[in-house]
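Thanks for sending this one over. Could you have the model open while you go through my notes?

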Amino acid sequence: MSAIARTNVMDLTAPAIEITDLNKYYGTFHALRSINLTVSKGEKVVVCGPSGSGKSTMIRCINQLEEHDSGAIRVFGTQLDDNLGSIDEIRREVGMVFQQFNLFPHMTVLENCTLAPMLVRKISRAEAEATAMRYLEKVRIPDQAQKFPGQLSGGQQQRVAIARALCMQPEILLFDEPTSALDPEMIAEVLDVMVTLAQEGMTMVCVTHEMGFARKVADRVIFMDKGEIIEEAPPEEFFGQPKSDRTRLFLSQVLGH
Amino acid sequence: MTASSLPGGQSARLRRLRRDYFGSPLAVLMTLLSAAVIAWIGWFLLDWGVIRATFGADGTQETCVAHGGACWSVIAVRWRVILFGIYPYEEQWRSALACVVVGVVILLSCLPRMWSFGRLALVWVLGTVIFYTLMRGGVLGLVPVNEQQWGGLPLTLFIFVATGIIGMPLAIGLALLRRSEYPVIARVTGWIIDTIRSLPLLSILFTCAIVLPFMLPGFLIGEKLYRVLFGAALFFAAYQAEIIRGGFQGIPKGQEEAAKALGLTYWHRTFRIVLPQAFRLALPATINQFVIAFMETSLIVVVGFMELLAAGNTAFKTGEWKFAYAEVYVFIAAIYFAFVFGLSRYGAYLEARMNVGHRKD
Ligand SMILES: Nc1ncnc2c1ncn2[C@@H]1O[C@H](COP(=O)(O)OP(=O)(O)OP(=O)(O)O)[C@@H](O)[C@H]1O
Ligand SMILES: [Mg+2]
């Protein structure tokens, strides 16, 4: 695709994400208990679990929005450590979509999409705008490019947020409950975009309770409770024959109504 | 005809007028009473300030008293003292030009398209150099004029602008340090800000003007004017830093997280994402702070500078104009009003401009 210079420190043959024995405390509260997780390139992983189980905390450790206390996180072989350069390195390759969209309200949609590529990837404005328009078309809102986020609906804002993340041309996309803040009629338009991305081979880690989405695109579903990974299995197995009681209870609650 | 083509337009307005101001006997009474007071004040001002006033440089106390109204002759005769203080008479064109320079710097700084580091720095440095050259002289064949002789409007404007230009970056720096990740830095900055804010401006000005020279090594003392300026800027910065901090607190946490997730550096996050939003939230308070700073320029008279208000005081101190102090104060008040009113209109313009596209939130 476009000629964005990679720093080439990333080893694209290594696993996309490799988390080993990860622990995280909030004060004395043990929020993540020896998490182990490997995501290979192109894989789609859906993370679910009850509220407070540590799903957000785990994926936010991957791009260091939260600092972990022990264990190792590697992204394409680059280990996250105290070396600030490694954090920058990884954030360039890992995009994130938030529950609350978090678009920059003082910038237009187009500016939201071009800011980071211009400042971080150091590409020209013309190239950044061309890339932005391509991704805005992909999420089906090129006509809103000159508007401000406050003028868009929730579903449109979340699609802009996805386009903004894509403009950095990341190798991995993290989603933290991307549809939880949306009105029901807007959920589908966002999920459609996510399905398209999945089919195109993007490496994705999604925290979501949209089980239909999990069935459709996930290679693996992960169930977390109380800071631990309780179960991990392909969707057919996960929904068909869940091994743990906690998983069964959770599934009956989520799918029950 | 237009009234009938606008269905309800004018008659609705009339109806609202009648409801709001003549809705009850008490409302009628209040409306009439207020109208009478306003009319009386208006008539008095018109009568005193225009109809029975004396204009022109040839008016004297006798002619003014004979007319019974305002004696604007004092302005016509003494305006150069009011505007330029004790700056040498033959050189006052330099003062006037310096005022224009400051005015241009203010106008340019107010234009949103000038808001980049490079452009603002260029305008400010160039403006300062031209202003200083004009006022101080000593080069290009200009007679040197000591800072102690500067006075009136250029001095007031210079202090105001310099307070802003030095104080605002200082305020941003303090506000950023105060939210530092390192608790020690944040705490110490907090103490500094709170200490400055708990001192009266007067005491800071006195300290800078009189006490500081005893404490500093000789080469650091510098001209009194600049020490005082530094004190005023520091005072401004402490208050403005708190205003900016208030702005920071209004920004959702997700904004900075999104910027981090995109890989933006600390400086890019700060100057592209956080500060613009903080300033938008803090704008009304910021304009207010500038208005206060403009008013407070008159305090520097206590450390021996003849700014606008003090220069005005000397204008009627000579025997022949002693009776005409009200006119001088009205004249000075009009100048202050023009600036402050302009400032608040500019604030309203900025708010309207920033609200474009923020239908929600
Ligand atoms: N900044 C924080 N300080 C203290 N405790 C925190 C903090 N952030 C999260 N926690 C705690 O850590 C636990 C895990 O939180 P996390 O947000 O990861 O849960 P989650 O699985 O994403 O839940 P949800 O489905 O509600 O988003 C919770 O018990 C929460 O109270
Ligand atoms: Mg969460």
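1. A word on the basis. This is a predicted model, in which local features need pLDDT of at least 70, side-chain atom pairs count only at pLDDT 80 or more, and totals for chains, interfaces and linings use all residues. Residues are numbered from 1 along each chain as its sequence is written, chains are lettered from A and ligands numbered from 1 in the order in which they are written, and side-chain values use heavy atoms, with hydrogens and water left out.

2. The shell of ligand 1. Which residues surround ligand 1? The shell is made up of Y26(A), F29(A), P50(A), S51(A), G52(A), S53(A), G54(A), K55(A), S56(A), T57(A) and E177(A), where a residue counts as near if one of its heavy atoms lies within 4 Å. Helix α1 (residues 55-62) of chain A gives the largest share, 3 residues. Helices here are DSSP runs of H or I with at least four residues, strands are runs of E with at least two, and both are numbered from the N terminus. By class, the shell holds 3 nonpolar, 6 polar and 2 charged residues; Ala, Val, Leu, Ile, Met, Phe, Trp, Tyr, Cys and Pro count as nonpolar, Asp, Glu, Lys and Arg as charged, and the others, Gly among them, as polar.

3. Polar contacts of ligand 1. A polar contact is a pair of N or O atoms within 3.5 Å; within protein, one must be able to donate a hydrogen and the other to accept it, and residues adjacent in sequence count only if both atoms are side-chain atoms. The side chain of K55(A) places an N or O atom 2.7 Å from an oxygen atom of ligand 1. A polar backbone atom of S53(A) is 3.2 Å from an oxygen atom of the ligand, and a polar side-chain atom of Y26(A) sits 3.4 Å from a ligand nitrogen. Of the 640 Å² of accessible area that ligand 1 has on its own, the protein covers 59% (Shrake-Rupley method, 1.4 Å probe; for residues, only the protein chains shown count as cover).

4. Two positive phi values in chain A. Most residues other than glycine have a negative phi. F76(A), although not a glycine, has a positive phi of about 50°. F76(A) belongs to the loop between β4 (70-75) and β5 (78-79) of chain A, and with a relative accessible area of 0% it is buried. Buried means under 20% relative accessible area, exposed over 50%, and partly exposed in between, with a 1.4 Å probe and protein chains only. Q169(A), also not a glycine, has a positive phi near 50°. You will find Q169(A) in the loop between α5 (154-167) and β7 (172-176) of chain A, and it counts as buried at 10% relative accessibility.

5. Other buried places in chain A. T203(A) is part of strand β8 (residues 203-207) and is buried at 1% relative accessibility. A polar atom of its side chain lies 3.5 Å from the backbone oxygen of E171(A). A163(A), in helix α5, is buried with a relative accessible area of 0%. A163(A) and L110(A) are 53 residues apart in sequence, with their C-alpha atoms 9.8 Å apart. L65(A), in the loop between α1 and β4, is buried at 12%.

6. Chain B overall. How many helices and strands does chain B have? There are 16 helices and 1 strand. Chain B has 361 residues, of which 42% count as buried, and its C-alpha trace spans about 75 × 70 × 40 Å along the principal axes.

7. A bent helix. Please look at helix α10 (residues 201-215) of chain B: its 15 residues reach 19 Å from first C-alpha to last, close to the 21 Å expected at 1.5 Å a residue (1.5 Å times one less than the number of residues). The helix bends by about 45° at C208(B), the bend being the angle between axes fitted to the seven residues ending there and the seven starting there. C208(B) is also one of the buried residues of α10(B), along with L201(B), I204(B), L205(B), A209(B) and L212(B). An α-helix has 3.6 residues a turn, so residues three or four places apart point the same way.

8. V102(B) sits in helix α6 (residues 92-110) and is buried at 5% relative accessible area. N355(B), in helix α16 (residues 325-355), is partly exposed at 46%.
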